[in-house]
Amino acid sequence: MEPLVAKAPAKINLTLRVVGRRTDGYHDLVSLVAFAGASDVVSLLADAPLSLAVAGPMASDAGPDTDNLVLKAARAFARELPGARLGAFRLVKRLPVAAGLGGGSADAAAALRLLARLNGLAGDDPRLHAAACATGADVPVCLDPRARVMRGVGHELSAPIALPVLPAVLVNCRVAVPTADVFRTLGLRAGDPLPGPDHPSALPVEASALRAVLAGLPNDLEPPARVVAPIIQEVMARLTGAPEALLVRMSGSGATVFALTDTCRNAAALARRVAAARPGWWVRPTVLR
């Protein structure tokens, strides 16, 4: 039997507002999320014993297979759907780990999509969403990887948003930045709000107008992430100084930084220059949508 295969595209936070810290210790967020062409790949060999093998250029950074979110997602799916068919997963890890790209969440979501396909479950089945929520905060938005606004701890999702195609360059300095460290450095106490601009309810459909709106909506985790990993500032400065870069911002809790450009050709040219100057960095031209 041929394995089922799904891509796990990188999640990019075009905006990320931290509204405040809740009394339960979690942080309320508002974020416009898009997805990149860059991705991991997850495959599933049906009806084999539940297992996971990890390969690919970033496999050594992915940690123990037993701790991987793919297996956590599969077990959550089995709890929601007793007697479900499972199988042996293989993850080709291409995205950097602890990079602000939601790679682990994207992998888990891809695994859930494969299990839903194997078990004849519709993509909007509430049991699938419940398994995603039980796996991790970013897994629900990755379950159907289309641009959306996510709110709260990540489980409140808008309808899909038709963004213009956004050529971009993704740059990661290969320094892992644990999300918990960034929130700890942000330093909000339970019940504290974080003042900032309101997220608009509607977004322009033209690329230059959208970039203008995004320029006024920060990633509130950039300042603490630069404290945790000062090299992020070097990445941002290198991209900001490039003539092709129209907007530069960090994704998620870092350390990946993206630069929006006006054409795919300019994104490719910028990526080549950055990769040549910093061969140890992970650099990918892509399209966000």
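What follows is a chat about helix packing, one arginine and a few backbone details.

Tutor: Keep in mind that this is a predicted model. Where do you want to start?

Student: With α1 and α3. How do their axes cross, and at what angle?

Tutor: α1 covers residues 69-80. Its axis and that of α3 come within 8 Å and cross at roughly 140°.

Student: Is Arg127 buried, exposed or partly exposed, and why?

Tutor: Partly exposed, because its relative accessibility is 34%. Buried means under 20% and exposed means over 50%.

Student: And how far is Arg127 from Arg289?

Tutor: The C-alpha atoms of Arg127 and Arg289 are 27 Å apart in space. In sequence the two are 162 residues apart.

Student: Back to α1. How does it pack with α2?

Tutor: α2 runs over residues 103-118. α1 and α2 pack at an angle of about 40°, and their axes are 8 Å apart. That makes α1 oblique to α2. Their crossing is right-handed.

Student: Which residues are in the contact of α1 and α2?

Tutor: α1 gives Leu69, Val70, Ala73, Ala74 and Phe77. α2 gives Gly104, Ser105, Asp107, Ala108, Ala111, Leu112, Leu115 and Ala116. By class, that contact of α1 with α2 has ten nonpolar, two polar and one charged residues.

Student: New topic: α6. Which of its residues are buried?

Tutor: α6 spans residues 207-215, and its buried residues are Ala207, Leu210, Arg211 and Leu214.

Student: Why do they line one face of the helix?

Tutor: Seen down the α6 axis, those buried residues fall within an arc of 100°, so they line one face. An α-helix has 3.6 residues a turn, so residues three or four places apart point the same way.

Student: What do the buried residues of α6 pack against?

Tutor: They pack against β3 (27-46), β8 (166-172), β9 (247-250) and β10 (257-260). The face of α6 turned away from its buried side carries the exposed residues Ala212 and Ala215.

Student: Now the backbone. Where is there a cis peptide bond?

Tutor: Between Gly254 and Ala255, with omega about 10°. Ala255 lies in the loop between β9 and β10.

Student: What about phi at Ala98?

Tutor: Ala98 has a positive phi of about 50°, although it is not a glycine. Ala98 is in the loop between β5 (87-92) and α2. With a relative accessible area of 34%, Ala98 is partly exposed.

Student: And Arg174? What is its phi?

Tutor: Positive, about 65°, and Arg174 is not a glycine either. Arg174 is in the loop between β8 and α5 (179-186). It is partly exposed, with a relative accessible area of 39%.

Methods:
Residues are numbered from 1 along each chain as its sequence is written. This is a predicted model: local features need pLDDT of at least 70, side-chain atom pairs count only at pLDDT 80 or more; totals for chains, interfaces and linings use all residues. Side-chain values use heavy atoms; hydrogens and water are left out. Buried means under 20% relative accessible area, exposed over 50%, partly exposed in between (1.4 Å probe, protein chains only). Axes are lines fitted to C-alpha atoms, for helices over the stretch in contact, and angles run from 0 to 180 degrees between N-to-C directions. Helices (H or I, at least four residues) and strands (E, at least two) are DSSP runs, numbered from the N terminus. Angles under 35 degrees count as roughly parallel, over 145 as roughly antiparallel, 65 to 115 as roughly perpendicular and the rest as oblique. A crossing is left-handed if the near helix is turned anticlockwise from the far one by less than a right angle, and right-handed if clockwise. Contact means heavy atoms within 4.5 Å. Ala, Val, Leu, Ile, Met, Phe, Trp, Tyr, Cys and Pro count as nonpolar, Asp, Glu, Lys and Arg as charged, and the others, Gly among them, as polar. The arc is that of the directions from the helix axis to the C-beta atoms.
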